[in-house]
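Open the model in your viewer and keep the selection panel at hand. Each stop below tells you what to select and what is there.

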Amino acid sequence: TYNIQADKIITPIPSTMYGIFFEDINLAADGGVYAELVKNRSFEFNMPLAAWTEHKKDGGDGRIEVINRSAERPENPHYIKTYVNTDAGSFGISNEGFRGMGIKEGEDYTFSVIAKQEGDANVKLNIELHGDNDAIIGKAELLPTDKNWGRYSVKFKSTATVKKAQLYVWLSGKGIIDLDMISMFPEHTWKNRPAGLRADLVQKLADMKPGFLRFPGGCIVEGRDLNNRYQWKKTIGDIDKRENIINRWNTEFKHRPAPDYYQTFGLGFMEYFMTAEDIGASPLPILNCGMACEFNTAEIVPMDQLDPYIQDALDLIEFANGDATTKWGKLRTDLGHPGKFNLKMLGVGNEQWGEQYIERWKVFTKTIKDKYPDIKIVSALGPDPEGDKFDLLNKTFRSLNADILDEHYYRAPKWFLDNARRYDNYDRKGPKIFAGEYAAQSVATVSPDNKNNWTCAIAEAAFMTGLERNAAVVKMASYAPLFAHVDGWQWTPDLIWFDNLNSYGTPNYYVQQLFSLNKGTDVVPLTLNKESVAGQDGCYATASLDKTTNELIIKFVNSGASAQIASFNISGAGYQKQVAVTTLRSDNGDAVNSLENPTAVSPVQSTVSLSGKVLKMNIEPYSLKVIRLKTK
Ligand code: AHR
C-alpha cells in the first residue's frame with residue numbers, strides 16, 4: 001500500500017525539467033534534420049569533389065577544375081569551373097547525397113545553384129533525379145544567364161518514392177560555367193520554411209513538449225582542436241558565407257567510419273533558437289570555454305588570449321536578448337526575428353576537467369555575470385560521475401557558488417536502477433543539477449553493439465522518478481545522443497533513429513515523452529512505509545499535481561519480473577472515479593523498436609476505477625505506468 005499526500009506539496013517541478021540534447025553526431029544535422037539533400041554542396045570537403053562523380057554520355061565531353069579563391073572568400077573558398085567541350089552528347093556530375101537522397105512521390109523539390117557563365121557561354125543545366133535502377137523520377141532545366149555570380153533555382157516534382165536517389169546535373173551547350181552551392185531541398189519542411197528542417201524529425205521533438213533545447217552539443221562544441229571548435233558567429237546569415245568545417249565525429253569510431261562528415265551549419269544558431277521557440281523549449285546554448293576536446297588534442301587557449309571566447313558569449317546573449325538598438329540584437333532583427341529569444345542560461349564548456357577549466361570558467365563567469373547577472377551559467381562536471389575529476393569539479397564549483405552543474409552518465413541499466421536515490425541527499429541550497437547527458441548502455445559505453453532496448457528504457461524510467469522526486473535540486477534532464485541515421489552513426493544508443501525517409505522513436509523516446517507530457521507542476525509525497533519508492537521490490541515511483549489541469553499524476557515503474565498489486569491511498573482532494581492509465585511495457589527486455597516496427601514498445605491507454613480514496617491496480621512486470629486522476 002502506497003500513501004499519496006495530494007495536499008502536501010514538496011517542491012515545484014520546473015517547466016525545464018525534461019528537455020532535449022541536440023548534437024550533430026550520427027548525421028543528426030547534415031544528413032539528418034537539416035533537409036539539404038546534396039552532400040558537399042560547396043566543394044569544401046578536404047577532397048573537394050567528394051560525393052560528386054563526373055559523367056559523359058552519347059559523345060559528350062568536358063572537365064572540371066576546382067578553383068580556390070581563399071583570399072577573396074576565405075569562408076567559402078572552393079567552386080567548380082566546368083568546361084563543356086562539345087555541343088554533342090552530355091557531360092555532367094552527380095551527387096550521392098547523404099547515404100543517398102530520400103525522395104517522396106508527389107513532393108516538390110527546389111534545386112538551386114550559385115553560378116556564372118564565362119564569356120559568351122550559355123551553358124544550360126539539365127537536372128535529373130535518378131531513382132532505383134537509374135530511373136528518372138524528376139527533372140527540370142535551368143539556364144543561368146549572367147556573367148556575374150547569381151543564385152538560380154527551379155522547382156520540380158518527383159514521380160516516385162525512393163530511399164537512395166541521386167541528383168544528376170547535365171550540362172548542355174559548349175562553354176564554361178562556374179558553379180557553387182549546388183543544393184536541393186524538399187518543399188515540405190518543418191513549418192514549410194524554405195531550405196529548412198526535416199518536418200518528421202522536428203515533429204518528433206515537438207511531440208515531446210520539451211522544456212529546453214540544449215545545442216549544439218556535446219564534444220562538437222569543443223572540437224578536436226580549437227580551430228575546429230563550434231563558433232556560433234560563423235553559423236548565422238547567408239548560408240554560402242557559413243564556413244564549413246570537418247565534423248568532430250568524422251571517423252571518430254573505426255567500427256562505423258564516416259570519412260565524409262562535415263558541418264555546413266545550415267542548421268546554425270538562428271535555426272536552433274527558432275526551433276527551440278517553435279517547440280516551446282527554453283534555449284540552452286553551450287559555448288567553447290577556450291579548451292578543445294580532452295578526448296582528442298586537449299588544446300587550450302592561453303589565458304591572455306581568452307577574450308574573444310568570452311566576447312562570443314557576451315555577444316550571444318545580446319544576439320538572443322538585445323533589442324534592435326544593439327549591434328547583435330539588430331543582426332537578429334535583420335535576419336528576420338525582431339522578437340527576443342529570451343535566453344536565460346548558457347553553458348560554458350562541455351566535458352572539461354582540471355585546473356585549466358576552472359581557471360577559464362572563473363573569468364567567463366565573472367565577465368558574464370558582471371554584465372548579465374540574471375543569466376544562469378551551466379558548468380560541466382565531465383563524463384565520469386564516479387571519478388576523481390568529477391569530485392574535484394563538484395567541490396570546486398560548489399565552493400564557487402555555481403548556478404547549474406551538468407552531470408553526464410552513460411552507464412549500465414543497473415547503475416540507473418541503483419542511482420534512483422542519487423539526488424535524495426544533494427544540498428538543496430547548493431547549485432542546481434542538470435542531468436545533461438544520460439543513457440543506459442546495454443553492452444558498454446561507446447560499444448557499437450548497444451541497443452535501445454526495453455531493459456535500458458525501463459532503467460532510465462526508474463532513474464527519472466528519482467530526478468522528479470528531487471525537482472528541488474534537479475532542474476533539467478536530457479537523454480543523449482538524440483538522433484542517429486541508420487546508415488551512418490558513430491554512437492549508440494540514441495533516442496530517435498531515422499533513414500532518408502522515415503524515423504522512429506525508441507522505447508527510451510517513449511519514456512522521455514511520457515515523463516515530459518506528464519510531469520505536472522508540483523511534487524507530492526508518494527511513500528511506502530514512510531519512505532519514497534526507489535527500488536523496494538523493484539518498484540520506483542513519483543507523484544505530482546498538475547495545478548493547470550487539476551490532476552494528480554502517478555508515475556510508477558515495476559522493473560521486476562513479478563506483477564504488483566498496488567494500492568494507492570490518496571489523501572487530500574476527491575478524485576473522479578474513472579482514472580486514465582498509460583502503460584509502456586514489454587515482457588522482453590531485449591525488445592526494440594525499428595523502422596519496420598516503430599511502435600513495438602509504445603504507450604497503450606486504458607482506464608481503471610477509483611474506489612473512494614483508494615486506487616487498487618495491477619502493475620504488470622517490466623512496466624511503466626502513468627496514472628492521471630482528475631479532481632472532482
Ligand atoms: O553524446 C555523445 C558524447 O558523449 C557527447 O558529445 C559528449 O559530451 C559525451 O562524451
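This is a predicted model: local features need pLDDT of at least 70, side-chain atom pairs count only at pLDDT 80 or more; totals for chains, interfaces and linings use all residues.

Residues are numbered from 1 along each chain as its sequence is written.

**Stop 1: the sheet**

Select the strands β3, β15, β18, β19, β20, β21, β22 and β23, which form an open sheet of 8 strands in that order, with parallel pairing. Strands (E, at least two residues) and helices (H or I, at least four) are DSSP runs, numbered from the N terminus. Two strands pair if DSSP finds at least two bridges between them. Strands of a sheet pair through backbone hydrogen bonds, either parallel or antiparallel. At the edges are β3 (20–21) and β23 (474–479), each of which pairs on one side only.

**Stop 2: strand β18**

Now select residues 282–287, which are β18; this strand pairs with β15 (residues 212–215) in the parallel sense over 4 bridges. Here Phe-212 has Ser-282 as its bridge partner. Next, β18 is joined to β19 by 2 bridges, also in parallel, and Ile-286 has Gly-347 as its bridge partner in β19.

Is β18 buried or exposed? 6 of the 6 residues of β18 are buried, so the strand is largely enclosed by the rest of the structure. A residue is buried if 20 or more other C-beta atoms lie within 10 Å of its own, exposed if 12 or fewer, and partly exposed in between, with C-beta atoms placed from the backbone. On one face are Ser-282, Leu-284 and Ile-286, and on the other Pro-283, Pro-285 and Leu-287.

**Stop 3**

Select Pro-216, in the loop between β15 and α2 (219–222). The peptide bond from Phe-215 to Pro-216 is cis, with omega near 0°. Gly-218 is found in that loop too, and the bond from Gly-217 to Gly-218 is cis, with omega near 10°.

**Stop 4: the ligand**

Which residues come nearest to the ligand? Of the 13 residues around it (C-beta atom, placed from the backbone, within 6 Å), these are Gly-218, Cys-219, Glu-351, Ala-480 and Pro-481.

**Stop 5: positive phi**

Most residues other than glycine have a negative phi, and most peptide bonds are trans. Select Asp-58, which has a positive phi of about 55° and lies in the loop between β4 (52–57) and β5 (62–68). Finish at Asn-550, also with a positive phi of about 55°, in the loop between β30 (539–546) and β31 (551–558).
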